[in-house]
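This briefing goes through one protein model by topic. Please look at the sequence and the structure first, then read the points below.

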Amino acid sequence: MSKAHLGLIGLGVMGENLVLNAERNGFSIVVYNRTYSKTEDFLNGRGAGKKIEGAKTLGEFVDKLEKPRRILMMIKAGTAIDKVIEQISSFLEEGDLLIDGGNSEFRDTERRVSELESKNFGYLGMGVSGGSKGALEGPSMMPGGTRDSYKAIENIVTKMAAQVEDGPCVKYIGPGGSGHFVKTVHNGIEYGIEQILAEAYDLMKRVAGINCEEIADVMRIWNNTEELSSYLVEITEVCLRTKDTYDKSDLVEKIVDKAGQKGTGLWTVVSALELGASVPTIYASLNGRVMSSMKDQRILAESILQGPSITYSDMGSKDKGMPLLKDAVILACFASYAQGMDLLSIASKEYNYQLDLPSIAQIWKGGCIIRAKLLKRIQNAYENNSNISNLLTDPWFAEQVNARLPGLARIVSLAAANGVPVPCLSSTLDYINSYRTSRLPQNLVQAMRDCFGSHTYQRVDMDGSFHTDWL
Ligand code: NAP
């Protein structure tokens, strides 16, 4: 039998679906999984009757691939990747290419690219987004490493990716760990939007007093607007309409209110702090998940700490999509994207990634979890002005911010008056208000620092460094 075009290691949810995607697009594949029974199950199940072969050992797997070999790893991020690299290396030859399609930490990828390239193997760190359905039907892919390594898989990934009006949702991102860095920030933005929609649901439920079906109706209205039309709003409507098979009540109300946070959201925030990028909306979403996991403490605190009791308040007509709340949600989603793009722009300079922001917006338009109509506007904003200081200052976005800021302020004050937490909405309000304020009160912070620690300060009216004997 002729050798296969592509090898895949790791038949988890993503791996299985990516294999079927590649096969559907005309490529032959060899699969390997650490636990062989999974390989057998796949070959006898979803993989049956297709140009897919299995291998029991890594030696057999490598032997079944055409040279130079192209091997996609879809396994758990972390030490598992290093183990597999170590195990497979002795079977590989110069020029063979390993691709890590999992959610690896970008610094790990940076290290692996340089180690593997120094041995004349190719290595790509490729973020893949879209969940199981995206993997099967067409994901968004963010490959980083050398351009030559990308060239070796370009014909495969451009066919496998989601397709939008201006091409496939995959493009060479840049050197080293840049592909995984961009995927990390993608997930940070995703964290933000998920939390924003959860806060909107909470306000509609507890402050406006409407039920899941009615909230789902509002989501449907939002999904028909240019600003909010997106995969996440679409699935929020689905989640809210889904009934429990046991008693036909709203399933979402049966789910424990604890959200996990895996690596990528945390890494986005840590990177932002390291690079001096301001990402408060994204940070608030991460902290929202951390706070959610303190369930036992929250139950105890509810009986000790008191706040205002909730009174019904108007957030605009639900038949019109609750206009004030919609304004707030739109601006918080804008802020999530703006903060993510800003982080990418700062990281690009610091790490010399030379990221092309319009291309990144383009490959996020289809296949991935944060796909949204809005990405066309984001792409345009960076195409029109590659040096834009912040997405929100682009003329179209600025007009939106100016029109909707009173709505966001009203919703945040309503939430505060009712004692309902809205970390992403309130952080967004502070983010925008801070960013549009040319003189902030950090002059006083500087005075205090000079007072207790002689840290010196600069003056608004003279050049130089000054110290005052304050005490
Ligand atoms: P997963 O549950 O993260 O990983 C399962 C796969 O990893 C299995 O094939 C497992 O083999 C293999 N594995 C674990 N430890 C291993 C080791 N030490 N050596 C060799 N193989 C090992 O699967 P997934 O959800 O498909 O995700 C794969 C990667 O894509 C992850 O990095 C994940 O973060 C990322 N990702 C996931 C999604 C998603 O929606 N699920 C979306 C985007 C990206 P065994 O069967 O032998 O245990």
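**Salt bridges and surface features**

Arg377 and Glu226 are joined by a salt bridge between their side chains, with 2.6 Å from N to O. Arg377 belongs to helix 16 (residues 374-384) and Glu226 to the loop between helix 9 (212-223) and helix 10 (231-241), so the bridge ties together parts that lie 151 residues apart in sequence. The model is a predicted one. The points that follow cover its salt bridges, domains, surface patches and backbone.

**Salt bridges**

- The count of salt bridges in the model comes to 36.
- In the Arg377 to Glu226 pair, Arg377 is partly exposed, with a relative accessible area of 26%, and Glu226 is partly exposed at 30%.
- Asp257 and Arg298 form a salt bridge whose closest N and O atoms are 3.1 Å apart. This pair links distant parts of the chain, 41 residues apart: Asp257 sits in the loop between helix 10 and helix 11 (263-275), and Arg298 sits in helix 13 (residues 295-302).
- Asp257 has a relative accessible area of 36% and is partly exposed; Arg298 is partly exposed as well, with 27%.
- One network of salt bridges with shared partners takes in Glu213, Asp217, Arg220, Glu237, Arg241, Lys243 and Asp250.
- Glu53 and Lys64 meet through their side chains in a salt bridge of 3.1 Å, N to O. Glu53 is in strand 3 (residues 52-54) and Lys64 is in the loop between helix 3 (58-63) and strand 4, so this bridge ties together parts 11 residues apart in sequence.

**Domains and distances**

- The domain assignment divides the protein chain into domain 1 (6-176), domain 2 (183-435) and domain 3 (440-471).
- Between the C-alpha centres of domain 1 and domain 3 there are 55 Å.
- Lys262 is located in the loop between helix 10 and helix 11. With a relative accessible area of 70%, Lys262 is exposed.
- From Lys262 to Ala55 the C-alpha to C-alpha distance is 31 Å, while the two residues are 207 apart in sequence.

**Surface patches**

- Lys76 counts as exposed because its relative accessibility is 67%, and the cut-off for exposed is over 50%.
- A nonpolar surface patch consists of Leu444, Val445, Met448 and Phe452, which together have about 420 Å² of accessible area.

**Backbone**

- Most residues other than glycine have a negative phi, and most peptide bonds are trans.
- The peptide bond from Lys67 to Pro68 is cis, and its omega is near -15 degrees. Pro68 is in the loop between helix 3 and strand 4.
- Asn120 is not a glycine, yet its phi is positive, at about 65 degrees. The loop between helix 5 (106-118) and strand 6 (122-129) holds Asn120, which counts as partly exposed at 44% relative accessibility.
- Gln354, a residue other than glycine, has a positive phi near 50 degrees. Gln354 is placed in the loop between helix 14 (323-350) and helix 15 (357-363), and is exposed with a relative accessible area of 61%.

Key:
Residues numbered from 1 in each chain as written. Predicted model: local features only at pLDDT ≥ 70, side-chain atom pairs only at ≥ 80, totals over all residues. Heavy atoms only, no water. Buried < 20%, exposed > 50% of the residue type's maximum accessible area, 1.4 Å probe, protein only. Salt bridge = Lys/Arg side-chain N within 4 Å of Asp/Glu carboxyl O. Helix = DSSP H or I, 4+ residues; strand = E, 2+ residues; numbered from the N terminus. Domains from an automatic or database assignment. Patch = residues over 30% accessible without salt bridge, like charges linked within 9 Å, V, L, I, M, F, W, Y side chains within 5 Å. Areas by Shrake-Rupley, 256 points an atom, 1.4 Å probe, with all protein chains shown as cover.
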